[in-house]
Amino acid sequence: MQDSSIKAITWEGDHIRILDQTKLPVQEVYLECRNIEDVACAIERLSVRGAPAIGVAAAMALAMECQKVNAGTPEELMPHLEQMSIRLMNTRPTAVNLKWALKKMMDKALNSRTSDVEALKDALKQEAIRIYHDDIKINMAIGGHGQAAVPQEATVITICNTGSLATGGYGTALGVIRTAVKNGKSVFVVSSETRPLMQGSRLTAWELQKDGIPFVLIADSMAGYYMKKKGADLVITGADRIAANGDSANKIGTYSLSVLAKEHNIPFYVAAPFSTIDMSVKSGEDIPIEERPSEEITSIAGKPVAPESVNVWNPAFDVVPNSYIAGIITEGGIIRQPFNENIKKAFDEKGEEINGKS
Ligand code: MRU
C-alpha cells in the first residue's frame, strides 16, 4: 500500500490551510482560512468535513484568531474566545467532536494559570496543534484494534468518507481498513457513493485509489443486492456522535446499511474515537440531527435533478440502534454489547485520559 499522506488541514501560523473537499476529486484546491468566519463557512459548506476533522479545524481557528485579539490580560481575552467558540459551535450540530474540541480549548484557557496574555495565546496554539497530532495517533490505535476484526481475506462495506480527509489524518473506519491492508490482509472495499453529497464516490474512492486498495463503487441503493449476490464479511462505518447506550449517529444511509447487514448476518462495526462518545446523551433519540438545504437533493453538481420548488427532506445523518452494532472500535479497544455497561466502563478507564473528568 502506498502512503497517500493526504493533509486535509494544516496549521500555517497566520492561517489554516484546508483542502477544499467540495472540489474533490476534480480539483485539488487549498483554501487559506485567515479568520474565524473563513473556517466557520468552510465547515458549513463542507469544504472541511468529517467529525474529527471539524473538531481539529475549529480548535485551530480559535487558536489562530485569538492571536489577533488586542487584549491586555487573559481575563480580557476570555469573552472574545467565548464569542468565537459560539460561532464555531453553531456551524454543524451533530458531530460532537466539534463541541469536544472547543471545550478542550476553552478549558485550556480557563485552567492556564498565567497572567501573561501572550503566554495564554501560545498555550492555545500548542493545544490546537496537540489535538491535531493526537487525532492521528488515536486513529492509528483505532486501526490497530479494529484490524483484528477483519478476516485475512475480507470484503468490507463502508459509507461516506472516514479517511484522512475526515480526520487529522489516517482515518477511523478507513484507518481500520488501512491497518488491515498494512498487516498483509487481503481487503476488498465496497464504497457506497453516499447521496446526496457523494462523500463515498468523490472522497473515499479518491483516497482508496491513491492508496492502491482494491474497491468497487456502488450506489447506496445497491448495498442490499450486493450483500445478497456477492456477500460481505463486515460493514465498518464512522460516527458523528455515539450516545451512552451505543446508538450511533452517522451519515444518512448508515441506518439502512445496518438493517441490511442484520438481514444478511454481516457484522456491523462503528469505528470512532472516545471524543465521539457523548455520555451526556442517553440514547440516539436525543442526538440532534442536522437538516441541510433542499438544493443538495434537487441538484447534482449545480444541475437540477428535480422539478423546481418540490418539497424536500434532507437530514444529513441517521442513527443506528445499538442492537445492530457488533462492536464500537475505539483507541482503547473494541467495545461490545452490552453497550450501556461496557461504554461506561471503557470511558471511565480510558476516555477520561483524553476527555478529562467532567
Ligand atoms: O457530512 P459529513 O461529510 O461531515 O459526514 C461525515 C460522516 O458521517 C462520517 O462518517 C463521520 O463524521 C465520521 S468521520 C471519521
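1. First, some ground rules. Residue numbers start from 1 along each chain as its sequence is written, and side-chain values use heavy atoms, with hydrogens and water left out. Since the model is predicted, local features need pLDDT of at least 70 and side-chain atom pairs count only at pLDDT 80 or more, while totals for chains, interfaces and linings use all residues.

2. Domain 1 puts 30 residues into the contact and domain 2 puts in 36 residues, where contact means heavy atoms within 4.5 Å.

3. How much area is buried between domain 1 and domain 2? It comes to about 2800 Å², with carbon and sulfur atoms giving 54% of it. (Buried area is the accessible area, with a 1.4 Å probe, that two parts lose on being put together, summed over both.) On the side of domain 1, the residues that lose the most area to domain 2 are Arg-49, Thr-94 and Asn-139, together 21% of what that side buries.

4. Now for what crosses that interface. The rule finds two salt bridges between domain 1 and domain 2; a salt bridge is a side-chain nitrogen of Lys or Arg within 4 Å of a carboxyl oxygen of Asp or Glu. It also finds 18 residue pairs in polar contact there, both residues at pLDDT 80 or more. A polar contact is a pair of N or O atoms within 3.5 Å; within protein, one must be able to donate a hydrogen and the other to accept it, and residues adjacent in sequence count only if both atoms are side-chain atoms. Helix 2 (51–66), helix 4 (96–111) and helix 5 (117–146) each give at least two residues to the side of domain 1 that touches domain 2. Helix 5 supplies the largest share of that side, seven residues. (Helices, H or I with at least four residues, and strands, E with at least two, are DSSP runs numbered from the N terminus.)

5. Stay with helix 5 and look at Asp-134. Its side chain meets Arg-130 in a salt bridge at 2.9 Å, N to O, and Lys-137 in another at 3.7 Å. Arg-130 and Asp-134 are four residues apart in helix 5, so about one helical turn separates them. Asp-134 and Lys-137 are three residues apart, which again means about one helical turn. Asp-134 is partly exposed at 22% relative accessibility, and Lys-137 is exposed at 56%. (Buried means under 20% relative accessible area, exposed over 50%, partly exposed in between, with a 1.4 Å probe and protein chains only.)

6. The whole structure has 20 salt bridges. One joins Arg-292 and Glu-290, with the closest N and O atoms 2.8 Å apart, and both residues are buried. Arg-92, Glu-290, Arg-292 and Glu-296 are linked in a salt-bridge network.

7. Finally, have a look at Asp-247, in the loop between strand 8 (241–243) and strand 9 (248–251). Not counting residues up to four places away in sequence, Asp-247 touches several residues, including Arg-241, Ser-283 and Pro-321.
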